[in-house]
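Here is a short briefing for a first look at this structure. Keep the sequence and the 3D view side by side as you read.

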Amino acid sequence: MALSRGLRCCQRVFSWIPVLIITAVVLWSYYAYVFELCLFTITNTLEKVAYLLMFHICFVMFFWTYWKSIFTPPATPCKKFQLSYSDKQRYDLEERPDAQKQILVEISKKLPISTRAQSGAIRFCDRCQVLKPDRCHHCSVCETCVLKMDHHCPWVNNCVGFSNYKFFLLFLSYSMLYCVFIAASVFQYFFKFWVGDLPNGPAKFHVLFLMFVALMFFISLMFLFGYHCWLVAKNRSTLEAFSAPVFISGADRNGFNVGIRKNLEQVFGENRRLWLIPVFTSQGNGHHFPLKNHSSASQNPLLPNEDMWDESDDGSEEGSLGEFTSVFVMCSVRGDLLYFFT
């Protein structure tokens, strides 16, 4: 017991290493850009002020979105999806798998559940003892079921899901903007140091490496951001892109695709003025989502009491595969999928 607690404690400590690496690189870039470039290298006062102003805007938005991605707790299923004491006793005492499945089917009729496991059974988490809402998965790293789980990202040391997916996308976009601005504004001084027009000194090392690091980050982030833009347009999570959600009628990768505009609004909200601001504006509560085929959804025997569930829900709510990235990339989908989920 003590050994397992110690290992778990070590795991939690080591899980912050990727975040510390990113933070250290960004803080170094702040020093190199503000002090070595703007204060010690650039001589034109107007250019210096303009660069410092634009840089700090990009820097603040980058850290704001990074902070929100890291410290926004993953949203978990509310109490309505937990087994009651009597249902739990009935489920545990029943030894026949078919009978257990039938118990879950009966309980799920009171909940807005339209997806099933690959076997066709109701999706149930034995560790959390909850019926999984649509698009919900268990993360063994966070040790909880996460609503609309996309993946567990080691670079933010958090699960990316319903509660922080908008923040994660903004983090990627502002990271790219941060890299592009640094590369564009540093380029002329990078060239001057490279050809020897500026004298050698500490600034030369920082400016040269600023250019290389900014370009490496940008190339890595460009592929990752483009991939997630495609996912948002299709209304899929990373998990759903590689394992299609299963409905009553069978597996369907486009089951939640309701059109590009509505797909964007599900993540960013209807108020477009808030789309680029890291405040929570995503639609819904993360427990159920509009389906592509509304007629088939209305005939779904698992959804007869969805309106009643919405009105009576007084439970409290809390709150990578195919990756194209290097060690400097902010998040690795391939690495994320090495963490086990169900």
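A network of salt bridges links Asp-87, Arg-90 and Glu-106. The model is predicted. Across the whole structure, a search finds seven salt bridges. Side chains of opposite charge can pair when their charged atoms come close.

- The side chains of Arg-135 and Glu-240 form a salt bridge, at 2.9 Å from N to O.
- This pair links distant parts of the chain, 105 residues apart.
- Arg-135 sits in the loop between β3 (130-131) and β4 (137-139).
- Glu-240 belongs to helix α8 (residues 238-242).
- Arg-135 has a relative accessible area of 3%, so this residue counts as buried.
- Glu-240 has a relative accessible area of 4%, so this residue is buried too.

- Lys-292 and Asp-252 form a salt bridge, and their closest N and O atoms are 3.3 Å apart.
- Lys-292 is partly exposed, at 43% relative accessibility.
- Asp-252 is also partly exposed, at 24% relative accessibility.

**A pair within one helix: Arg-261 and Glu-265**

- The side chains of Arg-261 and Glu-265 meet in a salt bridge, at 3.1 Å from N to O.
- Both residues are in helix α9, four residues apart, so about one helical turn separates them.
- Glu-265 counts as buried, at 11% relative accessibility.

**The largest pocket**

- The largest pocket holds about 440 Å³ of space.
- Its lining has 21 residues, and the closest to the pocket centre are Arg-12, Ser-15, Val-141, Cys-142 and Asn-157.
- Helices α1 (2-14) and α3 (45-71) each supply at least two residues of this lining.
- Helix α1 gives the most, with four residues.
- By type, the lining residues divide into eleven nonpolar, seven polar and three charged.

**Where to look**

- For a salt bridge inside a helix, find Arg-261 and Glu-265 in α9.
- For the pocket centre, start from the residues closest to this point, including Cys-142 and Asn-157.

Notes
Residues are numbered from 1 along each chain as its sequence is written. This is a predicted model: local features need pLDDT of at least 70, side-chain atom pairs count only at pLDDT 80 or more; totals for chains, interfaces and linings use all residues. Side-chain values use heavy atoms; hydrogens and water are left out. On a 1 Å grid over the protein atoms alone, a cavity is a set of points where a 1.4 Å probe fits but cannot get out, and a pocket is an open set with protein on both sides within 12 Å along at least five of seven lines; lining residues have an atom within 4 Å of a point. Grid points are joined across faces, edges and corners, and a volume is the space filled by probe spheres set on the points. Ala, Val, Leu, Ile, Met, Phe, Trp, Tyr, Cys and Pro count as nonpolar, Asp, Glu, Lys and Arg as charged, and the others, Gly among them, as polar. A salt bridge is a side-chain nitrogen of Lys or Arg within 4 Å of a carboxyl oxygen of Asp or Glu. Buried means under 20% relative accessible area, exposed over 50%, partly exposed in between (1.4 Å probe, protein chains only).
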